[in-house]
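Thanks for coming, everyone. I'll keep this brief. Here is what I'd like us to look at.

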Amino acid sequence: MKVREVTSYLEQVAPLHLQESYDNAGLLVGDAEQEVRGVLLTLDSTEAVVREAIERDCNLIVAHHPIIFGGLRRLTGTSYIDRAVTLAIKNDIAIYAIHTNLDNVLHNGVNQEIGRRLQLTDMQILSLRNDPNHETGSIGSGLTGILPEPLTPAEFVSHLKEKMDLQVIKHTSFYQDRITKVALCGGSG
């Protein structure tokens with residue numbers, strides 16, 4: 001299988017045209033025609049991740065966050081980005097980012113997974129985006145959903161910590177009402 005075959009599949013799930021205007025999703029490093037020996041999935045393409053890909057004989061890294069975001073002006077090894085990109089190039093490792101385009105799809109997207117973990121029902125896109133290639137209501141940022149049962153704010157924080165495997169949560173002051181409907185947005189929201 002070639003890199004382009006893997007990326008074509010990913011782009012069927014989360015098409016590149018769904019990324020936000022500020023984003024840089026897609027094939028960022030490497031040759032789309034290269035044969036794939038192994039794929040490493042990660043949140044960020046750091047130097048340690050590129051080294052792990054080398055150790056595991058993976059020549060394609062699929063990351064959520066794009067390592068090249070604001071553009072590269074030089075590759076001098078002075079930042080982790082320079083070093084990771086250079087290491088990937090020297091070892092023929094392709095790096096693909098699937099970022100806000102994956103955030104913006106309801107089905108199999110980042111927000112749906114968070115909602116699923118929180119056991120939300122009736123999930124709907126929070127901020128809809130029109131796209132003629134997708135069914136109405138399936139593309140956009142964030143989502144809303146209904147909890148299985150109303151929870152006090154303290155119960156909701158406990159639920160959130162348990163379902164997302166968190167130790168600490170930063171939150172605003174609690175209020176008196178029970179929580180039934182939740183709005184969420186992965187990433188910076």
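Is Arg-4 buried, partly exposed or exposed? Keep in mind that this is a predicted model. Arg-4 has a relative accessibility of 36%. Buried would need under 20%, and exposed over 50%. So Arg-4 counts as partly exposed.

What does its side chain do? Arg-4 meets Glu-33 in a salt bridge, at 2.8 Å from N to O. That pair links distant parts of the chain. Arg-4 sits in helix 1, while Glu-33 sits in the loop between strand 1 and strand 2. They are 29 residues apart.

Glu-33 has another partner. Lys-2 also forms a salt bridge with Glu-33, with N to O at 3.5 Å. Lys-2 lies in the segment before helix 1, which spans 3–13, so this pair ties together parts that are 31 residues apart in sequence. On accessibility, Lys-2 comes in at 23%, and Glu-33 at 40%. Lys-2 is therefore partly exposed. Glu-33 is partly exposed as well.

Now a salt bridge elsewhere. Arg-129 pairs with Glu-20, and their closest N and O atoms are 3.8 Å apart. Arg-129 is in the loop between strand 5 (121–128) and strand 6 (140–151), and Glu-20 is in the loop between helix 1 and strand 1, so the contact ties together parts 109 residues apart in sequence. Arg-129 has a relative accessible area of 28%, so it is partly exposed. Glu-20, with 24%, is partly exposed too.

How many salt bridges does a search of the whole structure find? Eleven.

Strand 1 pairs with strand 4, residues 94–97, in the antiparallel sense over three bridges. Within that pairing, Leu-27 has Tyr-96 of strand 4 as its bridge partner.

Last, the surface. Leu-72, Leu-75 and Ile-89 make a nonpolar patch of about 260 Å². Leu-75 lies in the loop between strand 3 (60–63) and helix 3 (80–90). At 45% relative accessibility, Leu-75 counts as partly exposed.

Definitions and conventions: Residues numbered from 1 in each chain as written. Predicted model: local features only at pLDDT ≥ 70, side-chain atom pairs only at ≥ 80, totals over all residues. Heavy atoms only, no water. Patch = residues over 30% accessible without salt bridge, like charges linked within 9 Å, V, L, I, M, F, W, Y side chains within 5 Å. Areas by Shrake-Rupley, 256 points an atom, 1.4 Å probe, with all protein chains shown as cover. Salt bridge = Lys/Arg side-chain N within 4 Å of Asp/Glu carboxyl O. Helix = DSSP H or I, 4+ residues; strand = E, 2+ residues; numbered from the N terminus. Buried < 20%, exposed > 50% of the residue type's maximum accessible area, 1.4 Å probe, protein only. Pairing = 2+ DSSP bridges.
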